[in-house]
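Welcome, and please take a moment to turn the model around before reading on. The paragraphs below walk through a few places in it, one after another.

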Amino acid sequence: MKSLEHAVVGAVVGSVAAVALQPPGGVPFLVVGAVILSVFIDLDHFLIARVERGDWQNLRTAVTNPRVGLVEQEGVFPEFGPRFNLQRLLSHHLIGGVAVGGLALAGETSLAGFVGVVLYAHVVCDFLRDLELA
């Protein structure tokens, strides 16, 4: 999905999760956090691309051409196929597991649940988009 789509899903899911789980922080703060989390977890794509290509060309493309980086995001990783999709979904799961597990171990169980719900929605949306493109 594109960043704007993830931001909208993050705002909606974050709003519901903030009210339902009542983690620390006010609802507006949590919704902003959900939007940021929903969008910025995708930065892992650039690390995966770096490992696969051996250079930072994909990041340079996104940074030097704001239109591609913000609006035409399908142009950022055009050379990667199904393996890349699996790698990024695995990366999202690993990041989510560490974040949720770390928060839970720190005693922030409602915040861990909140982060888990937001990232779950992100990954489900990515799966749905991948199915649409298959």
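Let us begin with Ala-112, which counts as buried because its relative accessibility is 4%; buried means under 20% relative accessible area, exposed means over 50%, and partly exposed lies in between, using a 1.4 Å probe and protein chains only. Ala-112 is found in helix α7. Helices here are DSSP runs of H or I with at least four residues, strands are runs of E with at least two, and both are numbered from the N terminus. Leaving aside neighbours within four places in sequence, Ala-112 is in contact with Val-100, Leu-103 and Ala-104, where contact means heavy atoms within 4.5 Å. Ala-112 and Ala-11 are 101 residues apart in sequence, and their C-alpha atoms are 17 Å apart in space.

A word on what you are looking at: this is a predicted model, in which local features need pLDDT of at least 70 and side-chain atom pairs count only at pLDDT 80 or more, while totals for chains, interfaces and linings use all residues. Residues are numbered from 1 along each chain as its sequence is written, and side-chain values use heavy atoms, with hydrogens and water left out.

Now follow α7 to its packing partners. Two packed helices are described by the angle between their axes and the distance between the axes. Axes are lines fitted to C-alpha atoms, for helices over the stretch in contact, and angles between N-to-C directions run from 0 to 180 degrees. Helix α1 (residues 3-21) packs with α7 at an angle of about 150°, and their axes are 9 Å apart. On the α1 side the contact includes Glu-5, His-6 and Val-9, and on the α7 side Ser-110, Gly-113 and Phe-114 are among the residues involved. Sorted by class, this contact has 10 nonpolar, 5 polar and 3 charged residues. In this sorting, Ala, Val, Leu, Ile, Met, Phe, Trp, Tyr, Cys and Pro count as nonpolar, Asp, Glu, Lys and Arg as charged, and the others, Gly among them, as polar.

Helix α2 (residues 27-40) meets helix α7 (residues 109-133) at an angle of about 45°, with axes 10 Å apart. What do Leu-30, Ala-34, Leu-37 and Ser-38 of α2 touch on α7? Their partners there are Leu-111, Phe-114, Val-115, Val-118, Leu-119 and His-122. The contact of α2 with α7 has 8 nonpolar, 2 polar and no charged residues.Elsewhere in helix α2 you will find Val-31. Val-31 is buried, with a relative accessible area of 16%. Apart from neighbours within four places in sequence, Val-31 is in contact with Ala-11, Gly-14 and Ser-15. Val-31 and Ala-7 are 24 residues apart in sequence and 9.9 Å apart in space, C-alpha to C-alpha.

Between α1 and α2 there is a loop, and Gln-22 is found in that loop. Is Gln-22 buried or exposed? Gln-22 counts as exposed because its relative accessibility is 61%. Most residues other than glycine have a negative phi. Gln-22, although not a glycine, has a positive phi of about 50°.

Finally, return to helix α7, where Asp-130 is found. Asp-130 counts as buried, at 16% relative accessibility. Leaving aside neighbours within four places in sequence, Asp-130 is in contact with Asn-85, Arg-88 and Leu-89.
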